[in-house]
Amino acid sequence: MTDPIRVVVADDQALLRGSFRLLLDSEPDFTVIGEAATGAEAVELAVTEKPDVVLMDVRMPVMDGIEATRLIGERVPDVRVLVLTMFDLDEHVFAALRAGATGFLLKDTRPADLCAAVRVVASGDALLGPSITRRLVAQFARIPDAPPLADVAALAPREREVLILVASGLSNVEITERMQLSMATVKTYVGRLLAKLDARDRAQLVIAAYESGLVRARN
């Protein structure tokens, strides 16, 4: 039997924290090991308890979720952060990605989808579906020029093709179907991209694709 996924819930609303905890603890493969009402508390719990996933609200007192995400990435890089957002706060989405968030989740998502999202992030993948990517791209188009995270010029043509599909929000399964490749080959390409672009996960690959100009947002 595998160990349960250890989760910290960070939200300044006690009712929401309790609801998330009750939901996750009702699943046999989860255990909530702590709750945080501020970003500072979330960082402290991440450092001391080293959970698999932090479910992170964006707007919290003392320290917001974006700064907390950045500090967690610096101090305990193996801890994954799943950011809670309403998407009417699009300006926070890009900032959270740059801070090291591995995925995003709507606060009004269905309980089953929340559990699935935590499992995806805990497995080491990034939660960036097509709808989330579209919102990210829309936000990116409004951001002033910033120094790129990586240069994609050294990528092979096939690697660039895979990166474009990743930046479009396609999963590995969808990429295998689109490119007529095996799953093992696609995983190899994604692994090479992570290494060559010095990216932590798929979320940062998306940023690299847009910041480098390989993919451009459509207005």
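## About the model

Residues are numbered from 1 along each chain as its sequence is written, and side-chain values use heavy atoms, with hydrogens and water left out. Because the model is predicted, local features need pLDDT of at least 70 and side-chain atom pairs count only at pLDDT 80 or more, while totals for chains, interfaces and linings use all residues.

## The sheet

Let's start with the strands. Five of them form an open sheet in the order β2-β1-β3-β4-β5, with parallel pairing. Here strands (E, at least two residues) and helices (H or I, at least four residues) are DSSP runs numbered from the N terminus, and two strands pair if DSSP finds at least two bridges between them. The edges are β2 (30-36) and β5 (103-106), each of which pairs on one side only. On average, neighbouring strands of this sheet are turned by 25° against each other, direction ignored; axes are lines fitted to C-alpha atoms, for helices over the stretch in contact, and angles run from 0 to 180 degrees between N-to-C directions.

## From β1 to β2

Strand β1 (residues 5-10) runs parallel to β2 and is joined to β2 by six bridges. Ala10 stands opposite Ala36 in β2. Arg6 has Thr31 of β2 as its bridge partner. The chain passes from β1 through α1 to β2 in a right-handed β-α-β crossover (with the strands pointing away from the viewer, the path from the first strand over the helix to the second runs clockwise).

Helix α1 (residues 14-25) lies across β1, β2, β3 (53-57) and β4 (80-85), and runs at about 165° to β2.

## Helix α7 and its two partners

Which residues make the contact between α7 and α10? The axes of α7 (residues 157-167) and α10 (residues 202-211) come within 9 Å and cross at roughly 110°, so the two helices are roughly perpendicular (65 to 115 degrees; under 35 counts as roughly parallel, over 145 as roughly antiparallel and the rest as oblique). Leu163, Val166 and Ala167 of α7 meet Arg202, Leu205, Val206, Ala209 and Tyr210 of α10, where contact means heavy atoms within 4.5 Å. By class, these are seven nonpolar, no polar and one charged residues (Ala, Val, Leu, Ile, Met, Phe, Trp, Tyr, Cys and Pro count as nonpolar, Asp, Glu, Lys and Arg as charged, and the others, Gly among them, as polar).

The axes of α7 and α9 (residues 183-196) come within 10 Å and cross at roughly 95°, so this pair is also roughly perpendicular. Arg158, Glu159, Val162 and Leu163 of α7 touch Tyr189, Val190, Arg192, Leu193 and Lys196 of α9. That contact divides into five nonpolar, no polar and four charged residues.
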